[in-house]
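Q: Before we look at anything in detail, could you show me the structure and take me through how its strands are read?

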Amino acid sequence: MDRFAPVTRVPYAYMAMRAALHVFFALALAGSSAFPQVFTFTRDQMIEYTSANPYGRFPDGRPNVPDAVLEKVKGLSVEEVWAVLPEFGYRNQYEGNWVILHPERKLVGRAVTAQFMPARPDVEHVAEAKAVSGGHGRNANQRVIDMLQNGDVVVVDMFGKVEDGTFVGDNLATAIYAATKTGMVIDGGVRDLEGIVPLDMASYIRGAHPTPIRGVMLTGVNIPIRIGAATVMPGDVVFGDREGVYFIPPELVGKVVERAEETHIHDEWTKAKLLTGKYKSSDLYPRPHDPALIKDYEDYKRSKLGQ
C-alpha cells in the first residue's frame with residue numbers, strides 16, 4: 001500500500017537545511033519541461049558537469065554507460081572499486097551502514113538522483129501547483145519512479161528519514177523493479193516490507209516503518225545529491241554489494257574494471273598456491289618474492305590475460 005499523505009512540518013538541523021537550500025536555490029534556473037516543479041540540470045549543464053564522460057548520453061544529457069560495461073562491473077567487489085577511485089581524488093563516493101535487502105545480489109546500474117527536503121509550505125505549494133498544472137500528478141515519489149527505465153538505479157536523498165520518510169511501499173517498489181530490473185538506494189525508509197522482500201531486487205535502505213511518506217517535498221531530480229558521506233551525480237554507475245554502495249564516475253569505470261581483472265587473476269593464483277599447503281601466506285601475499293614464484297605468477301597472468 002502506497003500513498004502520499006498531507007504535509008506536516010518536521011524539525012531538521014539548521015545547518016543541514018542551509019546547506020541543502022544552497023543547492024536548491026543555486027539550481028533555480030535549471031528547470032526542465034519534464035520536471036517543472038523541481039530543480040534539475042538542463043542538458044547543457046548536465047554535459048558540462050559530466051564532461052569527462054567517455055560514453056554516450058541520454059536525451060537529457062545524463063551519461064549512458066553501456067550495458068556491456070555494466071555487465072563487467074557486476075563481477076567487482078567494493079574493495080576493487082576502492083583500490084582505484086582514491087587514486088584519482090575521488091574519496092567521497094562510498095556509503096555503508098545500510099539495511100540491505102538481498103545482500104547476495106549485486107546492485108549495478110546508472111544513477112537517477114532525487115532530492116527530498118523537510119516540507120516548507122510556501123515552497124511546496126508553488127512546486128506542487130506547478131507539478132499538477134503540468135500534468136505530473138500529486139505524488140512526488142511517483143513522479144520520480146515514472147521516469148525510470150531499464151538499467152537505472154533510483155538514488156534518493158531522504159536525509160536519513162525513516163518514520164514518514166518511506167519512499168515506497170510494496171506496490172511502488174514493484175514499479176521500480178518492473179521498470180529498471182535493478183534495485184534502489186534510499187537514504188530513508190520503506191514501508192510494507194513484507195511485500196518488498198519477495199521482490200528479487202537489491203535494495204539499500206536506512207530502515208522500514210509503517211507510516212506513509214509525508215512531511216517532505218521533492219526539490220530536485222537528476223542533480224548532485226548527498227547520500228551519507230558520498231556525493232552522487234546523475235549517470236554515476238551505482239555498485240552495491242553486501243558491504244555497501246559505491247557511486248563510480250563514468251570516466252573511471254573502465255579503469256576500475258581493468259584493474260579488477262588483474263586482481264582477480266592474482267587472487268586466483270594466490271589461493272590456488274595456498275591450498276597446496278606448500279607455502280606460508282607471507283611467501284605469496286601480498287606478492288611473491290621468490291624469483292621462481294614471481295615467474296610462475298607472471299606466466300599465469302599472461303596466460304589468463306591472453307584468453
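**Reading a hairpin and its neighbours**

A: Strand 12 and strand 13 form a hairpin, with four residues between them. The model is predicted, so local features need pLDDT of at least 70 and side-chain atom pairs count only at pLDDT 80 or more, while totals for chains, interfaces and linings use all residues. Residues are numbered from 1 along each chain as its sequence is written, and side-chain values use heavy atoms, with hydrogens and water left out.

Q: How many helices and strands are there in the protein?

A: Helices (H or I, at least four residues) and strands (E, at least two) are DSSP runs, numbered from the N terminus. In this protein there are eleven helices and 13 strands.

Q: Which strands pair with strand 12, and in which sense?

A: Two strands pair if DSSP finds at least two bridges between them. Strand 12 pairs in the antiparallel sense with strand 5 (residues 107–118) over four bridges, and it pairs with strand 13 (residues 245–248), again antiparallel, over four bridges.

Q: Are the residues of strand 12 buried or exposed?

A: Buried means under 20% relative accessible area, exposed over 50% and partly exposed in between, with a 1.4 Å probe and protein chains only. In strand 12 (residues 237–240), Val237 and Phe239 point one way while Val238 and Gly240 point the other way, and all are buried. Across the protein, buried residues make up 47% of the 307 residues.
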